[in-house]
2 protein chains.
Amino acid sequence: MYRKTFEGMNCSIARALDQVGEWWSLLIVRECSLGTSRFDDFQRRLGIARNVLTVRLNSLVEHGVLEKKPVEGSERLFEYRLTEKGEALYPVLIALMQWGDQWSGHAAPVQVVEHRSGKPVDPVGLRIGARVLTRHDVRLEPGPGASRETIAAVNARNRLVFGEE
Amino acid sequence: MYRKTFEGMNCSIARALDQVGEWWSLLIVRECSLGTSRFDDFQRRLGIARNVLTVRLNSLVEHGVLEKKPVEGSERLFEYRLTEKGEALYPVLIALMQWGDQWSGHAAPVQVVEHRSGKPVDPVGLRIGARVLTRHDVRLEPGPGASRETIAAVNARNRLVFGEE
């Protein structure tokens, strides 16, 4: 356990992460989605050690989640922006946020509402169209990239849930 | 970086985690959702060191994500089950899985379909009823638990996205 706790942060995503993992990377993505783009701002807002932040930012750039570009008009200053791949993490952030809202024991710091109507968004979850599904309504099937072990695990899960052969 | 890579696992959740964090805990939750309940089975299926697994399981029990109970008819054997709080992580797992499916560069190992109809579930994301929203359709508002810093960050984000005062 090499990192400090996120508990003191005013953010349900961070509180969820405190319970289920080591998640500086997703918190950096969260910051980007709030408009943070500069090293010193990430550092200050997350309270993260500079060497750890450097490692995490480089890794996110390497994985194509962020891109690093010179600030317009400068040769020495850089900014970090979400790529399309990074933007696609938004549902993960919101799912974590909503889980933290419900289960962290803290009142929600942030609400997500539709801009136009002011209505809160629905809980992120399993659906087909307007129909909401629970995990008991779904079955797993091997996908095109399934290994033998995955196929076995999927079949075992379906037997367990649905009593199938 | 104290852990081994998850890259070799046949699981898009693991592949997503390899890119964005340290996530043994969520992989344990994934295993629980597949029906795994015994220490040796987690150990074998995840290829996780026994001492690390012990720490992670204890932490998940402490946080109320898992409960640990004696196996029926035994005094020395235990099993781990998801609590309601743990079950509520399902949308997070599915959101990560779908992100990994799309962005890991590997074909999907697993598909989630409605049991009754065989139809694949929709991508997890922001919605109100049947309407799908993008992150550009939503605004953040301070929730009941917002701190001063959160209020400032939320207002800054809304100014950035919507050009508001």
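# Briefing: chains A and B of a predicted model

Chain A comprises seven helices and six strands. The structure is a predicted model. Chain B contacts chain A through 66 residues, and 66 residues of chain A take part in return. A rotation of 180° superposes chain B on chain A with an RMSD of 0.0 Å.

**Fold of chain A**

- In sequence order, the elements of chain A follow the pattern α-α-α-α-β-β-α-α-β-β-β-β-α.
- Chain A has 165 residues, of which 37% count as buried.
- Among the contacts in chain A with a separation of 6 or more, 42% are between residues 24 or more positions apart.

**Packing of helix 2 against helix 4 in chain A**

- Helix 2 (residues 24-33) and helix 4 (residues 50-62) of chain A have axes that come within 10 Å and cross at roughly 75°.
- Because angles of 65 to 115 degrees count as roughly perpendicular, helix 2 of chain A is described as roughly perpendicular to helix 4 of chain A.
- Helix 2 of chain A contributes W24(A), S25(A) and I28(A) to this contact, while helix 4 of chain A contributes V52(A), R56(A), L57(A) and L60(A).
- Classified by residue type, the contact of helix 2 with helix 4 in chain A consists of five nonpolar, one polar and one charged residues.

**Relation between the two chains**

- Two copies of a chain are related by a rotation about an axis and a shift along it.
- For chain B superposed on chain A, the rotation is 180° and the shift along the axis is 0.0 Å.
- That is the relation of a two-fold axis.
- The copies meet through the same surface, because 100% of the interface residues of chain B are also interface residues in chain A.

**Interface between chain A and chain B**

- The interface involves 66 residues of chain B in contact with 66 residues of chain A.
- On the side of chain B that touches chain A, at least two residues each come from helix 1 (12-20), helix 2 (24-33), helix 6 (90-103), strand 3 (110-114), strand 4 (127-128), strand 6 (138-142) and helix 7 (148-162) of chain B.
- Helix 6 of chain B gives the most to this side, with nine residues.
- By class, the residues of chain B on the side that touches chain A are 38 nonpolar, 16 polar and 12 charged.

**Strand pairing across the interface**

- Strand 6 (residues 138-142) of chain A runs antiparallel to strand 3 of chain B, and five bridges join the two strands.
- One of the residues involved is P142(A), whose bridge partner in strand 3 of chain B is V110(B).

Technical notes
Residues numbered from 1 in each chain as written. Chains lettered and ligands numbered in written order. Predicted model: local features only at pLDDT ≥ 70, side-chain atom pairs only at ≥ 80, totals over all residues. Contact = placed C-beta atoms within 7 Å. Helix = DSSP H or I, 4+ residues; strand = E, 2+ residues; numbered from the N terminus. Nonpolar A, V, L, I, M, F, W, Y, C, P; charged D, E, K, R; others polar. Pairing = 2+ DSSP bridges. Axes fitted to C-alpha atoms, helices over the stretch in contact; angles between N-to-C directions. Parallel < 35°, antiparallel > 145°, perpendicular 65-115°, else oblique. Least-squares fit on C-alpha atoms with pLDDT ≥ 70 in both. Buried ≥ 20, exposed ≤ 12 C-beta atoms within 10 Å, placed from the backbone.
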